[in-house]
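Here is a short briefing to read alongside the model.

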Amino acid sequence: MYKKILMAYDGTISGKKALLESAVLGSAFHSEIKLLAVISIPSGLYLVESYVPETIVNKEEEEAKLLLEKGIQFLKEKGFHAIGELAYGEPVDQIAKAASDWKADLVVLGHAKRKGFGARWWKGSVSTSLLDLLSCSVLITISED
């Protein structure tokens, strides 16, 4: 049923934790898993000519890469065929693009309870709903911390 599962999170530890807790789902379907970490740069950080201070980007990128590598290793240790991808931009757009490009059958979202339910995933910068952009099923996992 679900041969390709895209697991997306916001690059944080709590987001990844919520996501990896659902990894057992993939074993039920003998699925390929792509772990997608999305780094969203708030528009307030942009300076003149769309420049973002390099130190801010580098620090966040290093942390996200490390978490992504640990997530892939965790999934491989559990016996999954797993790959990873780091994307930059609006999470809604990046998740929809990755799901489409990879032809995912299911998108699993790791959500930490920092905002109202689904606030991060349902609306992008132009109020585009992720559900409107995806042509596959969606599962949201929630972490309390």
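The notes below cover a strand, its charged residue, the salt bridges and a helix.

This is a predicted model, so please read every value here as computed from predicted coordinates.

**Strand β2 and its neighbours**

- Strand β1 (residues 4-9) pairs with β2 in the parallel sense, over 6 bridges.
- Within that pairing, K4 has E32 in β2 as its bridge partner.
- Strand β3 (residues 81-88) also runs parallel to β2, and 8 bridges join the two.
- V38 stands opposite A87 in β3.

**K34 and its partner**

- K34 lies in strand β2 and is buried, with a relative accessible area of 11%.
- Leaving aside residues up to four places away in sequence, K34 touches I5, L6, M7, I83, E85 and W102.
- The side chains of K34 and E85 form a salt bridge, at 2.9 Å from N to O.
- This pair links distant parts of the chain, since E85 is in strand β3 and K34 in strand β2, 51 residues apart.
- E85 is partly exposed, at 26% relative accessible area, whereas K34 counts as buried at 11%.

**Salt bridges within helices**

- The count of salt bridges comes to 3.
- E61 forms one with K65, and their closest N and O atoms are 3.8 Å apart.
- Both E61 and K65 lie in helix α3 (residues 54-77), where a spacing of 4 residues is about one turn of the helix.
- K65 counts as partly exposed, with 40% relative accessibility.
- K97 and D101 also meet through their side chains in a salt bridge, 2.6 Å from N to O.
- K97 and D101 are separated by about one helical turn because they are 4 residues apart in helix α4.
- K97 is partly exposed, with a relative accessible area of 47%, while D101 is exposed, with 52%.

**Helix α4**

- Helix α4 (residues 91-102) has 12 residues and reaches 16 Å from its first C-alpha to its last, close to the 16 Å expected at 1.5 Å a residue.
- Its buried residues are P91, V92, I95, A96, A98, A99 and W102.
- K103 follows α4 and has a positive phi, near 60°.

Definitions and conventions. Residues numbered from 1 in each chain as written. Predicted model: local features only at pLDDT ≥ 70, side-chain atom pairs only at ≥ 80, totals over all residues. Heavy atoms only, no water. Expected span 1.5 Å × (residues − 1). Buried < 20%, exposed > 50% of the residue type's maximum accessible area, 1.4 Å probe, protein only. Pairing = 2+ DSSP bridges. Contact = heavy atoms within 4.5 Å. Salt bridge = Lys/Arg side-chain N within 4 Å of Asp/Glu carboxyl O.
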